[in-house]
Amino acid sequence: IRKKSFLGITINDSINKHELLLTKNSSSINIDNYTLSTVQYDSLAQIITSPDNKFIISDIIVTSSEAFTELGLKVGSTFKDIKDNIRYYEIKQTDNGTTYVQDSIFKYMLNYNKKTANSSIPDTIKIKQIIINNKK
């Protein structure tokens, strides 16, 4: 897992460039959703297209514990692993209450759904997704 890419798929790439690795899951008026698979692994990530252009990749959502960031974090790593490896980060909430950690590169979606302060998230809470995109 790199700053703006995963397995050679980069944010803002054309979706057509990677069609051999992608299976289309769903489509809406604004975006398409694909599953990234390889011969070795069935489902490594979800690839989301831009609402402005359905042929451009806007988000890569890593869902497999097989992939690691340069800091060694992966799906299944704990909140303690984040605290031990990332110096500066913010704790944020999605509109539906899911807690995530935002550093300068990734969003680490936690398996945690409470509005909380940093100190009250248990160290054992696990990362359920790592999101690569251009948004903060």
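Predicted model: local features only at pLDDT ≥ 70, side-chain atom pairs only at ≥ 80, totals over all residues.
Two residues are said to be in contact when heavy atoms of theirs lie within 4.5 Å.

Asn 133 is part of strand β10, which covers residues 127-133. Its relative accessibility is 4%, and because buried means under 20%, Asn 133 counts as buried. When neighbours within four places in sequence are set aside, Asn 133 is in contact with Lys 4, Ile 11, Ser 58, Asp 59 and Lys 107. With one of these residues, Asp 59, the side chain of Asn 133 also makes a polar contact of 2.9 Å.

The mean pLDDT of the protein is 91, and 96% of its residues reach 70 or more. Among the elements, helix α1 (residues 79-85) has the highest mean value, 97, while strand β3 (residues 22-27) has the lowest, 89.

The largest nonpolar core comprises 30 residues, and the members that touch the most others are Phe 6, Ile 47, Ile 60, Tyr 108 and Leu 110. At least two residues of this core come from each of β4, β5, β6, α1, β9 and β10.

In one of them, the rings of Phe 79 and Tyr 89 have centres 6.4 Å apart and planes at 85°, so the arrangement is edge-to-face. Phe 79 belongs to helix α1 and Tyr 89 to the loop between α1 and β7, so this pair ties together parts that are 10 residues apart in sequence. Phe 79 counts as buried because its relative accessibility is 0%, whereas Tyr 89, at 22%, counts as partly exposed. Phe 106 and Tyr 108 form an edge-to-face pair as well, with 5.9 Å from centre to centre and 75° between the planes. Both Phe 106 and Tyr 108 are buried.

Charged side chains provide a further set of links, for the whole structure contains 6 salt bridges. One of them joins Glu 70 to Arg 2, at 3.0 Å from N to O. Glu 70 lies in the loop between β6 and α1, and Arg 2 in the segment before β1, so the bridge ties together parts that are 68 residues apart in sequence. Glu 70 is exposed, with a relative accessible area of 62%, while Arg 2, at 48%, is partly exposed.

Another salt bridge, of 2.5 Å from N to O, connects Asp 123 and Lys 83. Asp 123 lies in the loop between β9 and β10 and Lys 83 in helix α1, so parts 40 residues apart in sequence are tied together. Asp 123 is partly exposed at 33%, and Lys 83 is partly exposed at 34%. The side chains of Lys 17 and Asp 13 meet at 3.9 Å, N to O, in a salt bridge; Lys 17 is exposed at 59%, but Asp 13 is buried at 12%. Finally, Lys 24, Asp 32 and Lys 54 are linked in a network of salt bridges.

Definitions and conventions. Residues numbered from 1 in each chain as written. Heavy atoms only, no water. Helix = DSSP H or I, 4+ residues; strand = E, 2+ residues; numbered from the N terminus. Buried < 20%, exposed > 50% of the residue type's maximum accessible area, 1.4 Å probe, protein only. Polar contact = N/O pair within 3.5 Å; in protein donor to acceptor, adjacent residues only side chain to side chain. pLDDT = per-residue confidence, 0-100. Core = buried A, V, L, I, M, F, W, Y, C linked by side-chain atoms within 4.5 Å. Phe/Tyr/Trp six-rings, centres within 6.5 Å; stacked < 30°, edge-to-face > 60°. Salt bridge = Lys/Arg side-chain N within 4 Å of Asp/Glu carboxyl O.
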